[in-house]
Amino acid sequence: MKITILTGSAHPKGTTNTLATAFAEGAQTAGHEVFRFNCATAKVRPCIGCNQCGCGQRECVFKDDFVSALVPRLLEADVVVLCAPTYYFALSPQLATVVSRWYSVNPQMTGGKRSLLIAACEGPAKDVMVGIEATYERILNWMHWQDAGRIIAGECPTAAALEDTDLVQRAHDLGFSMK
Ligand SMILES: Cc1cc2nc3c(=O)[nH]c(=O)nc-3n(C[C@H](O)[C@H](O)[C@H](O)COP(=O)(O)O)c2cc1C
């Protein structure tokens with residue numbers, strides 16, 4: 001399978017990138033092709049709602065890394081992984097910016113894919129992650145995609161906190177078990 005991972009943290013060795021790496025290594029070990037897109041370093045403008053694309057009928061007005069580097073990988077992906085820290089109870093703006101640009105290829109991406117959520121926060125997940133998980137579920141419903149699993153790292157302000165958990169192993173196992 002082709003798996004596209006969107007990482008939304010500016011911390012290369014942070015919580016979510018550590019979990020993304022574990023997931024990717026598991027998936028690659030199982031023979032899957034993994035493409036990783038760093039939303040924090042890529043040059044991607046947020047959708048401005050100009051509607052020139054007509055929600056995927058025409059090209060986006062922006063010609064940036066989203067179009068040149070990511071769109072082909074999104075369209076061909078069997079699985080799309082959303083990986084982000086929580087910023088103010090929401091997906092990080094680095095990831096949310098990239099997701100906003102899906103608008104320009106929305107019809108082409110609708111249906112036939114599965115998705116996973118890898119998210120981290122400093123507070124307790126049951127309080128903090130309500131919004132992110134609801135957003136994720138609504139995105140999947142809108143895209144007609146299936147949920148293939150979640151790694152929710154509550155009380156993990158930095159990657160060091162992962163050492164007291166089994167989350168890295170779980171992320172690896174989830175990648176390895178993708179079918
Ligand atoms: C701007 C900002 C906003 C944040 N908002 C929240 C929040 O609303 N709830 C929470 O529990 N943690 C919040 N955090 C903490 C991060 O979600 C947490 O440190 C996360 O594990 C960082 O992931 P990373 O290492 O992958 O970047 C925030 C951090 C920053 C920098």
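**Around the ligand**

I began at the ligand, where an N or O atom in the side chain of Thr16 sits 2.5 Å from a ligand oxygen atom. Before going on, I reminded myself that this is a predicted model.

Next I looked up the backbone around the ligand. Thr86 has a backbone N or O atom 2.7 Å from an oxygen atom of the ligand. For Cys156, a polar backbone atom is 2.6 Å from a ligand oxygen.

How many residues surround the ligand? I got 17, and the closest are Ser9, Thr16, Thr86, Gly123 and Cys156.

**Cysteines**

The structure holds zero of them. Cys156 is in no disulfide, and the nearest cysteine sulfur belongs to Cys121, 7.9 Å away. Cys156 has a relative accessible area of 2%, so I put it down as buried.

Then I checked Cys60. Cys60 is in no disulfide either; its nearest cysteine sulfur is that of Cys53, at 6.3 Å. With a relative accessible area of 14%, Cys60 is buried. The limit for buried is under 20%, which is why 14% still counts.

**Asn17**

My next stop was Asn17, which lies in helix α1, residues 15-29. Is Asn17 buried or exposed? Its relative accessibility is 4%, so Asn17 counts as buried.

I wanted to know what the side chain of Asn17 meets. One of its polar atoms is 2.9 Å from the backbone oxygen of His11. I then left out the neighbours within four places in sequence and listed the contacts of Asn17: Thr7, Ser9, His11, Pro12 and Arg36. His11 turns up both in that list and in the 2.9 Å pair.

**Thr4**

I moved to Thr4, in strand β1, residues 2-7. Thr4 has a relative accessible area of 2%, so I noted it as buried. Its side chain reaches the backbone oxygen of Arg73 at 2.9 Å.

Which residues touch Thr4, leaving aside its neighbours within four places in sequence? I wrote down Phe35, Leu70, Arg73, Leu74, Ala77, Val79, Val80 and Val81.

I turned to strand β5, residues 114-120, and asked how covered it is. Six of its seven residues are buried, so I called the strand mostly covered.

On to the pairing. β5 pairs with strand β3, residues 79-87, in the parallel sense over seven bridges. As an example, I followed Leu82 to its bridge partner in β5, Leu117. β5 also runs parallel to β6, and six bridges join them. There I followed Ser115 to Asp147, its bridge partner in β6.

A reminder to myself for strands: in a regular strand, side chains alternate between the two faces of the sheet.

**Helix α3**

In α3 I picked out the buried residues: Leu95, Thr97, Val98 and Val99. What covers the buried residues of α3? The cover includes β1, β2 (33-38), α2 (65-76), β3, β4 (90-91) and α6.

**An aromatic pair**

I searched the whole structure for aromatic pairs and found one. The ring centres of Trp102 and Trp145 are 5.2 Å apart and the planes meet at 45°, so the pair is tilted.

Where do the two residues sit? Trp102 is in the loop between α3 (93-100) and α4 (106-109), and Trp145 is in the loop between α6 (130-143) and β6 (146-153), so the pair ties together parts 43 residues apart in sequence. I looked up burial too: Trp102 counts as buried at 2% relative accessibility, and Trp145 counts as buried at 5%.

**Last entry: Ile48**

I finished with Ile48, in the loop between β2 and α2. Is Ile48 buried or exposed? At 55% relative accessibility, Ile48 counts as exposed; the cut-off for exposed is over 50%. I also checked Ile48 against Val61, 13 residues apart along the chain, and their C-alpha atoms are separated by 9.8 Å.

Methods:
Residues numbered from 1 in each chain as written. Predicted model: local features only at pLDDT ≥ 70, side-chain atom pairs only at ≥ 80, totals over all residues. Heavy atoms only, no water. Helix = DSSP H or I, 4+ residues; strand = E, 2+ residues; numbered from the N terminus. Buried < 20%, exposed > 50% of the residue type's maximum accessible area, 1.4 Å probe, protein only. Polar contact = N/O pair within 3.5 Å; in protein donor to acceptor, adjacent residues only side chain to side chain. Contact = heavy atoms within 4.5 Å. Disulfide = S-S within 2.5 Å. Phe/Tyr/Trp six-rings, centres within 6.5 Å; stacked < 30°, edge-to-face > 60°. Pairing = 2+ DSSP bridges. Near = heavy atom within 4 Å.
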